[in-house]
Amino acid sequence: MVGDAESGEFRRQTRDFAAHWGGSWEALPGANHFTVLAPLAGPEHPLVRRAALLARGG
């Protein structure tokens with residue numbers, strides 16, 4: 001995840017890391033590197049559900 005309010009360099013680094021690790025990336029609307037993790041505080045947020053799924057190996 002990267003905030004879509006980040007600089008082009010932050011977004012480029014996120015794309016590069018995801019490609020190197022064989023994963024994917026997504027830009028969170030309106031977020032930056034200070035706020036991109038805020039959704040993790042809400043257990044029903046889709047980002048939390050996705051993280052839980054990944055943690056279970058899915």
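User: What is the mean pLDDT of the protein chain?

Analyst: First the general idea: pLDDT is the predictor's confidence in each residue, from 0 to 100. Here the protein chain has a mean of 92, and 98% of its residues reach 70 or more. Since this is a predicted model, local features need pLDDT of at least 70 and side-chain atom pairs count only at pLDDT 80 or more, while totals for chains, interfaces and linings use all residues. Residues are numbered from 1 along each chain as its sequence is written, and side-chain values use heavy atoms, with hydrogens and water left out.

User: Where is confidence lowest, and where is it highest?

Analyst: Helices are DSSP runs of H or I with at least four residues, strands are runs of E with at least two, and both are numbered from the N terminus. Helix 2 (residues 46-55) has the lowest confidence, at a mean of 90, and helix 1 the highest, at 96.

User: Is Thr14 buried or exposed?

Analyst: Buried means under 20% relative accessible area, exposed means over 50%, and partly exposed is in between (1.4 Å probe, protein chains only). Thr14 counts as buried because its relative accessibility is 16%. You will find Thr14 in helix 1 (residues 8-21).

User: Which residues does Thr14 touch?

Analyst: Contact means heavy atoms within 4.5 Å. Not counting residues up to four places away in sequence, Thr14 touches Met1, Val2 and Trp25.

User: How many salt bridges does the structure hold?

Analyst: A salt bridge is a side-chain nitrogen of Lys or Arg within 4 Å of a carboxyl oxygen of Asp or Glu. The structure holds four. One of them joins the side chains of Asp16 and Arg12 (2.3 Å, N to O). Both residues lie in helix 1, four residues apart, about one turn of the helix. Asp16 is partly exposed at 39% relative accessibility, and Arg12 is partly exposed at 34%. Together with Glu9, Arg12 and Asp16 are linked in a network of salt bridges.

User: What does the pair Glu26 and Arg50 tie together?

Analyst: The side chains of Glu26 and Arg50 meet in a salt bridge (2.6 Å, N to O). Glu26 lies in the loop between helix 1 and strand 2 (27-28) and Arg50 in helix 2, so the pair ties together parts that are 24 residues apart in sequence. Glu26 is partly exposed at 33% relative accessibility, as is Arg50 at 40%.
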